[in-house]
Structures are given as structure tokens and as C-alpha cells.
Amino acid sequence: MEVERSKKDDDLNNAATVDGESTEEVSVERIFEVSGEAPPAWQNQLTFRAMIVSFILSILFTFVVMKLNLTTGIIPSLNISAGLLGFFFVKTWTKLLHKAGFLKQPFTRQENTVIQTCVVASSGIAFSGGFGSYLFGMSDIVAKQSGEANTPINIKNPHLGWMIGFLFIVSFLGLFSVVPLRKIMIVDFKLTYPSGTATAHLINSFHTPQGAKLAKKQVRALGKFFSFSFLWGFFQWFFTSGDDCGFANFPTFGLKAYKNKFYFDFSATYVGVGMICPYLINVSLLVGSILSWGVMWPLIGAQKGNWYSSDLKSTSLHGLQGYKVFIAIALILGDGLYNFIKVLGRTIVGLYKQFKNRDVLPVNDRSSPTTITVSYDDKRRTELFLKDRIPSWMAVSGYIIMAIVSIITVPHIFPQLKWYHILTMYIIAPVLAFCNAYGCGLTDWSLASTYGKLAIFTIGAWAGAANGGVLAGLAACGVMMNIVSTASDLMQDFKTGYMTLASPRSMFLSQAIGTAMGCVISPCVFWLFYKAFPDFGQTGTAYPAPYALVYRNMSILGVEGFSALPKHCLMLCYIFFAAAVFVNGVRDLVGPKWARYIPLPMAMAIPFYIGGYFTIDMCVGSLILFIWRKLNRPKADAYSSAVASGLICGEGIWTLPSSILALAGVKPPICMKFLSSSTNVKVDSFLHSS
């Protein structure tokens, strides 16, 4: 998603708490040591059952992420769901084998970590693969909506073969780029990686007696709401036989509000997403939708015939659509640039302090003058983390070999992207991957999409308009985004493995296996959506893939400059770009206490183009969680993530049977539409007259 900050979700951090008490107040490793659990060898952490469960869950989560990616682009952290479901499936498997007398190896927290890593790596390709952004932005479906640079040299339609090949070529470079730095990041710098740490707390708690009981209850809650969400999606399907039919088009606040995209669309998925995302994200989305669809677009629409021609199509970028898209881009770029400079600055300052104060203490370096008290847990974890080393020569060799293969093959997939463009990116990429991984360790923010946008502008402008610069920019975005995204994800997983005593080798291999799964599963799931729905990718449909148009127009902007903008649009873009920088600056100046009351510009930008309907759903999710916490906070903290995950996954997995039904030509039997009284009279008179 564009709002990558939703990874910093409050519930993931709350996952480390059970009934209001920290699960790691005492020495965790002593608890496991007393219970007689010794970490298995790294080969035994990568079990056959772990890979089978990972594959099944990867398909489930890929459908969920793909649906979110193709509707709004807001993707919350699914680490809790992956860890919880992995625990449930393997625990059930081992219990059955134990009863039958065939159990050879018990289920360990290390195996649980391997499953969680593999699933998140696989489903993450559904986002970093660009199916809702840069990759689909190359298609003629999006090019026609843009209306600019829609010549054959700037168009490449999706095809299963080249999508799988492209992802395999570019997705593994990020894994090799940061492996040599794992000791520096995790042991020497002791970076927190909040999401990785919280996931480790969660997995550790599952494998204690008290935690196992809670996990069973959480799985039961997840199952109930999964079933409800799935059946609700199935029920809604019956009423959607035509355009604008069904509960998703219910004019909750009246027809005028519905016309301006304000309505509750009865989506269990986005109610669940709202329960996971922090309150500030949801409120920011609502503020953005009110500002844009409630104020700005009606005012600009009133200038039709003055600011832009009244004869233009509604999808033309020279009309109202241009204001929606480019002002949203200005907000995204302003926010992204500010946070890029901020995180880069913090990275440089942090590195300077580390080296200046000599905090980089090599393990077992007896000559070090500084003595630091290290807890038993840290000693035990560091000892095992450094035991199964991944040779640096292997990582460097792997990066060079993959880079050479990529430089040779990618220009065959995208002739507009030349070998020297790719070589330049691969020389710079390890530095950017390090910056992203380090910044993510400090702040939990992955700026993968920001680095991707930088590649769009630089490579697109370098290639030039006459040489297919638009397509070259989008392809470059894919190359860069996959490298830096995978690098930060791997380092998060190393942190989780460090705290659960999972071997770095098993973590690296599970990430690689998950990435390989994702390179096949994600294109296949996308292809199913692409073929099943005839109006796929069109504005106002069930799967509009809104960020595909946004990314394509960024590339056009980078290649052609500001000539594509309608009247006064450039001035408004400057204003909103500056406003995004200013608001972020104010948020940092006033401190965390007051910053939680100031909206996030990145989140505000999302409804500018899409509409405000999903923000209503997400605010309903926030309201449910708020009331639940007021009534019973410990129970809400323990079960809210499971309930939210059930709501998200149930309706998300319903897209699989609905896609199959669409491919088979099976249409819903009923169209439920909502009309004004005057329109209804006309329809009635027409029906009676005929």
C-alpha cells in the first residue's frame, strides 16, 4: 500500500500483552530452558509440514492483499494473522499425529517463526509486485484512462509468463543485499524493528502454557468472524447482477452524499482493516475524504467550462479527474519526500552516534574498553544468532550473479529499460536497501514506495519521452521497490528470529522460499482477477486499481513535465505539496502528545482520488474497537486483532469463488438498486407503458 505506516499498528504492539500483563517481564529463555525446549538444528526448523502450511496460508493471504491492493491500496500488517493461523494449523496437525502415535518432531516456536516469515514474504509480493500500482499501470486499460503517452511504446499488457519471470529476476536481489549486515543491525546496533519485535513476543507467548490457551481462544474468535465475513460476502453477491447494484451501493447518507462517494458500503473487510489500523490513520482518511469530495471537488466542478472544457470525458486528465489525480500525487510526494529526508537524516545521525560513541561492540571482543551488562536472554539469543552464519561471500556472489542475470534479461522484457539503467540502479540499490532497513529498524517505516517513485522520475526522465520513458520509469520502479522492500522485510524477520532463537539460515531460506512462492502465486491470483471481471481496472468498478493510474501519471509527469496538467492545477499541487511538508514538520515539532491529533498527509491523499466510502467502513471499525476497549480493554487487546483478521480474510477469500463463478459465466440473480423518487416514477411509467 501507499500507507505503509499502517504497519506500525497498535494492535501488533499490544500482541505482546496478555490480559494487561507483559509476557516478557521475566526471562523468556529461562522459561523455555526450564521446560526442556532446546532449539532444533536449522535444517529441522524448515519442516515439510511448515512448508505445506505456509503454501496454503500464502494463497489465502495473497487473495486478501490482492483485494485490498486493487480496491484502495490500504494494506495493514497481517503478521499477527500469519503467526496465529500457522500456530493453529501445525498445532492441530501435531495433535492428530500424536494421538495416532506418529509424531516424530514437536511443534516449536522456531518452526512457527519460519511459517510466519514464509507467509508474509509470499503475500508481500502481492504489494511489491505492483499489481495495483506500477505493473498494472503499464496496461492499455490504465493508459486509456490517462489519455497521455498511450502510444504502443509506453504500453505493456499483463501476461502471466513475463510477470512471473520479471518477479523471479528482481525479487531476490534484496535478500542478498543486506545479509552481510545482519550482525551489525541486530546485535551491534540493537535496532528495535518494532513489528519484528512484537511478532516475536507474540510467537513466544503462543508456546507457553498460558499463551497456548489464549491462542486457541483467539483462533476460535478468528474462525467465527471469518465464517461470518465469508457468508456475508456470499449473501451480498446475490444482489449484484448489474452496475451499481447491491449493498455496496446503499446510499446511507442520501443520494447527494452517495454521488460524492460518502456512504457505508457494508464491507466487512474494511471494517476489519479499520480495527487494525491506528485511530489516527482512519481519522486522517476521513478528513481527507471530507476535504476533497465534500469541499474541493464540488468547488472545482463548478468551474467546468471555465477552468476546463465541459466537453471532456469524466476520465480525462485535462478535466476534474486531473485535479483529483495530480493533487493526490502532490500530497503523496510531499509526505514521501519529507519522511525520506527525515528517516535518512535519522539514519545518518544514528550511524554517526554509533561510531562516535563506539557502541558497535563486536561480540567476544575482549579488547573493548566498554563494559555493558547483558541480560541472559540477550546472551542466549546472540550466541545462537551468530552460530549459524551465512557466509558474506555467498551473499555478495548471489547479488552479483542475480544482477548480471537481471541486466541481461530485464531489457528483453522491457526494451525501453536499457542495461545501463539497470546497472546504475544495482550499484545504488545496496546503499538504499541499507538505508531503508536501518530506517525501518528505527521507525518501523518502510519507504519502499518512495524509493520506487524516485526511480520513476530519474529513470523515466533519463530514458526520455521518445524512447518509452513512461514504461521505463514504471519498470524501474518495480526493480527498485522489490529490492528495498525485500531488504527491510528480511531484516524485520531476522529480528523476529533473533528473539525466538530461530536460525538465521532457516529465516533466510524461509524468506527465499516464500519469495519464490509469491513470484508464482501473486501473478496467478492477479491473472484470475484480470480475466474474471470484464470491467477490471476501470474507475468506479469493484476493482478499480486506483494506484495504477496514479503511478502511471507520476511517470508521465516525470517524462513530459507539467504540460499534462489542467488550468490552475500546478498551483494547487504546489500548495498541497508544501502543506504536506508543513503538516509533517508541525507533527514532529509538537511531539507525540499532540501529533496524534494532527492528520497524516499520506493517509489524507488516498481518498482524494478513490472516494470516501471505505473511510466510513474503517471509522466504523475504529468505533467498534474504541467502544470495546472502553468496556473491556484487556479482552479487546487480546482478541481484536483476531476478530479483525477474520473479517478481512473471510470476505477476502470470497473473491476466489466469486472469480470462478464470473469465469464460468454464472451471474447473480438479483440487481438491488437505489433510485431517487423522481427517477423511480420514470422507471415505473416506462415499465407500465411497455
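Leaving aside its neighbours within four places in sequence, which residues is Ser-27 in contact with? They are Tyr-376 and Asp-377, where contact means heavy atoms within 4.5 Å. Ser-27 is found in the loop between strand E2 (21-22) and helix H2 (28-34); helices (H or I, at least four residues) and strands (E, at least two) are DSSP runs, numbered from the N terminus. Ser-27 counts as partly exposed because its relative accessible area is 22%. On this scale buried means under 20% relative accessible area, exposed over 50%, and partly exposed in between (1.4 Å probe, protein chains only). Between the C-alpha atoms of Ser-27 and Gly-246, which are 219 residues apart along the chain, the separation is 54 Å.

The model is predicted: local features need pLDDT of at least 70 and side-chain atom pairs count only at pLDDT 80 or more, while totals for chains, interfaces and linings use all residues. Residues are numbered from 1 along each chain as its sequence is written, and side-chain values use heavy atoms, with hydrogens and water left out.

The pLDDT is the predictor's confidence in each residue, from 0 to 100. Its mean over the chain is 84, and 92% of the residues reach 70 or more. Over residues 1-25 the pLDDT is below 50, and this stretch has 81 contacts in the model beyond near neighbours in sequence. The pLDDT is also below 50 over residues 359-371, a stretch with 16 contacts in the model beyond near neighbours in sequence. Where pLDDT is low, the predicted coordinates should not be read in detail.

Helix H15 covers residues 279-301 and contains Ser-292. The 23 residues of H15 should span 33 Å at 1.5 Å a residue, and its end C-alpha atoms are 31 Å apart, which agrees. The expected span of a helix is 1.5 Å times one less than its number of residues. H15 has a kink of about 30° centred on Ser-292, the bend at a residue being the angle between axes fitted to the seven residues ending there and the seven starting there. Ser-292 counts as buried because its relative accessibility is 0%. A polar atom of the Ser-292 side chain lies 2.7 Å from the backbone oxygen of Gly-288. Not counting residues up to four places away in sequence, Ser-292 touches Trp-297, Pro-298, Pro-607 and Phe-608. The buried residues of H15 include Gly-288, Ser-289, Trp-293 and Met-296.

Helix H18 (residues 392-413) also has a kink of about 30°, which lies at Ile-407, shortly before the proline Pro-411. From its first C-alpha to its last, H18 reaches 31 Å over 22 residues, close to the 32 Å expected at 1.5 Å a residue. Ile-407 and Pro-411 are among the buried residues of H18, as are Tyr-399, Met-402 and Val-410.

The largest nonpolar core has 201 residues. Such a core is a set of buried Ala, Val, Leu, Ile, Met, Phe, Trp, Tyr and Cys residues joined through side-chain atoms within 4.5 Å. Its largest share, 18 residues, comes from helix H21 (residues 469-500). Phe-414, Leu-417 and Tyr-426 have the most contacts inside the core. Leaving aside its neighbours within four places in sequence, Phe-414 is in contact with Met-138, Lys-156, Trp-162, Phe-166, Leu-471 and Ala-475.

Helix H20 (residues 448-463) has 16 residues, which should span 22 Å at 1.5 Å a residue; its end C-alpha atoms are 22 Å apart, which agrees. Among its buried residues are Thr-450, Tyr-451 and Lys-453. Just after H20, Gly-464 takes a positive phi of about 90°.

Leu-501 is found in the loop between H21 and helix H22 (504-532), and it counts as buried because its relative accessibility is 5%. Ala-545, in the loop between H22 and helix H23 (546-560), has a phi near 45°. Ala-545 is buried, with a relative accessible area of 2%.

Met-672 is found in the loop between helix H27 (613-663) and helix H28 (677-689). With a relative accessible area of 21%, Met-672 is partly exposed. It touches Phe-239, Asp-244, Cys-245, Gly-246 and Phe-247, not counting residues up to four places away in sequence.

Key
A polar contact is a pair of N or O atoms within 3.5 Å; within protein, one must be able to donate a hydrogen and the other to accept it, and residues adjacent in sequence count only if both atoms are side-chain atoms.
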